[in-house]
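Here's a quick tour of the model: its pockets, its surface and its charged pairs. Keep the viewer open as you read.

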Amino acid sequence: MSTNPLGKTDHRPWKLSNRPWTMEQTWRDLLFAHWPISPQQLRPLVPSCLDLDTFNGAGWISITPFHMSIRLRGLPVLPGMSAIPELNFRTYVTVQNKPGVYFFSLDTASHAAVWGARMLYHLPYFHAQMRVRKDGYVIAYASRRQNACWSGTYGPVGPVRGAAPGSLEHWLVERYCLYAVSGKHIYRGNIHHQPWRLQDASVKIDENSIARPYLPWVEYDPALISFSRELKVLVWPMDRVR
């Protein structure tokens, strides 16, 4: 059984993996920006071997800018791995009754992270020019690569709270695995963290073409937003599901 340094597990939808976790990440200053989408629009964009996960009949897609530190198990945070910006574009799927996240793209400023994630996790990482600046509670964030840019400012505007079980917000954020498809195979990456500590948020999006190749209407007006200051996450190696 792998040692869990993060504490309780009774909030999880399934037990921790028996395999040892290999990496600890700390996600900071994360914005959740969510848009609803009909399953009919979403289905052609997701590999057919993955079942769409919906809430009250609607699919959802999300864009999440944040920055993070990474350390491998048994090692300290290495130089260059303490403040890596990352921008994710994702949706929600399920395989064998385990709901998780499927990524359309993941942008980061780290060449090493792009190489490692593509080789070991089969994830669609891209290198981008990125900048994160903090002014008090406000985060100015920019990510730019060819044909895919995001820039704006965001920050918290309310007290820290949890996502209410059964709510849309809880369904969107409390996910404990990710999925990737490579060739004919599905891979699942298990993660573990404590329940998200969220805050209501404000956001001003100046540019957003991250979803344009897939959903050109997803730009400036998310239907739901929230903010999290920090979350520690354990990451396991990918398992081949089938």
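## Ground rules

Throughout, buried means under 20% relative accessible area, exposed means over 50%, and partly exposed is in between (1.4 Å probe, protein chains only). This is a predicted model, where local features need pLDDT of at least 70 and side-chain atom pairs count only at pLDDT 80 or more, while totals for chains, interfaces and linings use all residues. Residues are numbered from 1 along each chain as its sequence is written, and side-chain values use heavy atoms, with hydrogens and water left out.

## The largest pocket

A pocket here is an open set of points on a 1 Å grid over the protein atoms alone, where a 1.4 Å probe fits, with protein on both sides within 12 Å along at least five of seven lines; lining residues have an atom within 4 Å of a point. The largest one holds about 700 Å³ of space, a volume being the space filled by probe spheres set on the points, which are joined across faces, edges and corners.

Its lining runs to 35 residues, and Met23, Gln25, Met68, Ile70 and Tyr125 lie nearest the centre. Helices (H or I, at least four residues) and strands (E, at least two) are DSSP runs numbered from the N terminus. On that basis β1 (23-37), β3, β4, β5 (98-108), α2 (111-121) and β10 (177-182) each put at least two residues into the lining, with α2 giving the most, at seven. The lining has 26 nonpolar, five polar and four charged residues, where Ala, Val, Leu, Ile, Met, Phe, Trp, Tyr, Cys and Pro count as nonpolar, Asp, Glu, Lys and Arg as charged, and the others, Gly among them, as polar.

## The second largest pocket

Next comes a pocket of about 170 Å³. Among the residues lining this second largest pocket are Trp14, Asp53, His170, Trp171 and Arg175. Its lining divides into six nonpolar, two polar and three charged residues.

Trp150 itself sits in strand β9 (residues 148-156) and is buried, at 1% relative accessibility.

## Charged pairs

Side chains of opposite charge can pair when their charged atoms come close. A salt bridge here is a side-chain nitrogen of Lys or Arg within 4 Å of a carboxyl oxygen of Asp or Glu, and the count by this rule is twelve. In one of them, Glu207 pairs with Arg144, with the closest N and O atoms 2.8 Å apart. Glu207 lies in strand β12 (residues 201-208) and Arg144 in strand β8 (residues 138-145), so this pair ties together parts 63 residues apart in sequence. Glu207 is partly exposed at 26%, and Arg144 is partly exposed at 46%.

Arg161 bridges to Glu169 at 2.7 Å between the closest N and O atoms; Arg161 is partly exposed at 25%, whereas Glu169 is buried at 11%. For Asp206 and Lys204 the closest N and O atoms are 2.4 Å apart. Asp206 is partly exposed at 41%, while Lys204 is exposed at 52%. Elsewhere, salt bridges that share partners join Asp29, Lys134 and Arg229 into one network.
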